[in-house]
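Please read them beside the structure.

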Amino acid sequence: MSEYQINLSQTALARITGVLYLIIIICGLLSGMAVRAELINIQNPLETIQNIIHNEMLFRVGFLLDLIMVISDVLIALTFFFLLYKVNKIIAITATIFRLVQATILGINLLNLFSPLLYLDSFTIANFNQQQQIASAVAHDLLAFEYGYLISGVFFAINCFGMGYLIIKSQIISKFWGYSIGVAGSAYLINCIINFTIPFYSEYSQILVLIFAVFAELGLCLYLITKGTKKTTF
């Protein structure tokens, strides 16, 4: 019996992994596009905090979605490990560690996202000058959140390289998705580097992420849910 044996078939484990991936994708897209993109304007701190005040429940729901995403990230790090560790234990452990570090950074970084809610009562009773200061503090925390997200992306990119290799070598998942995840990892890494070094071009690197990363991760997710794994033994 393997030292890592769990009482799930490969196919069941693959489908659980796919469902977790779908949760991450849905929560990430909803919190990012339906909440933060609608409420946050870093260039206009006063507008941002007023948007949050008028849509406080929506902002809180967005925070909850991000929290669910982080929890799912921790779980998927473990399910991917159990699914693929027989291919190469060292790479599987390394990839898992990098994904768990990513999840840890994301979890801690959520404090920056929650921060604006702590200012709301003070903002409503403050005079105009004080409101300007509070709004600037909120914008600072939200900007820190965005950069924290980018930092976590470096660790996720390295996880993608490891996962891509394991998938290609595993013979239980189509090699195509292994290569796709590797390309997605490159897109994430390029986006992080550009945002930290030449941010003027960040809109182009974000397009790379949208094209390659969304395709690869959503494709792999649906593949795992619908097909599970090929029948094979390591």
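1. The largest pocket has a volume of about 1500 Å³. Helices 1 (10-39), 3 (56-84), 4 (89-125), 5, 6 and 7 each give two or more residues to its lining. A pocket is an open set of points on a 1 Å grid over the protein atoms alone, with protein on both sides within 12 Å along at least five of seven lines; lining residues have an atom within 4 Å of a point. A volume is the space filled by probe spheres set on the points, joined across faces, edges and corners.

2. This is a predicted model: local features need pLDDT of at least 70, side-chain atom pairs count only at 80 or more, and totals for chains, interfaces and linings use all residues. Residues are numbered from 1 along each chain as its sequence is written, and side-chain values use heavy atoms, without hydrogens or water.

3. The pocket lining counts 39 residues; Arg36, Glu146, Tyr149, Asn191 and Gln206 lie nearest the centre. Helices are DSSP runs (H or I, at least four residues), numbered from the N terminus.

4. One cavity of 30 Å³ or more turns up in the whole structure. A cavity is a set of points where a 1.4 Å probe fits but cannot get out. Helix 5 (residues 128-170) gives the most, four residues.

5. Phe200 sits in the loop between helix 6 (175-197) and helix 7.
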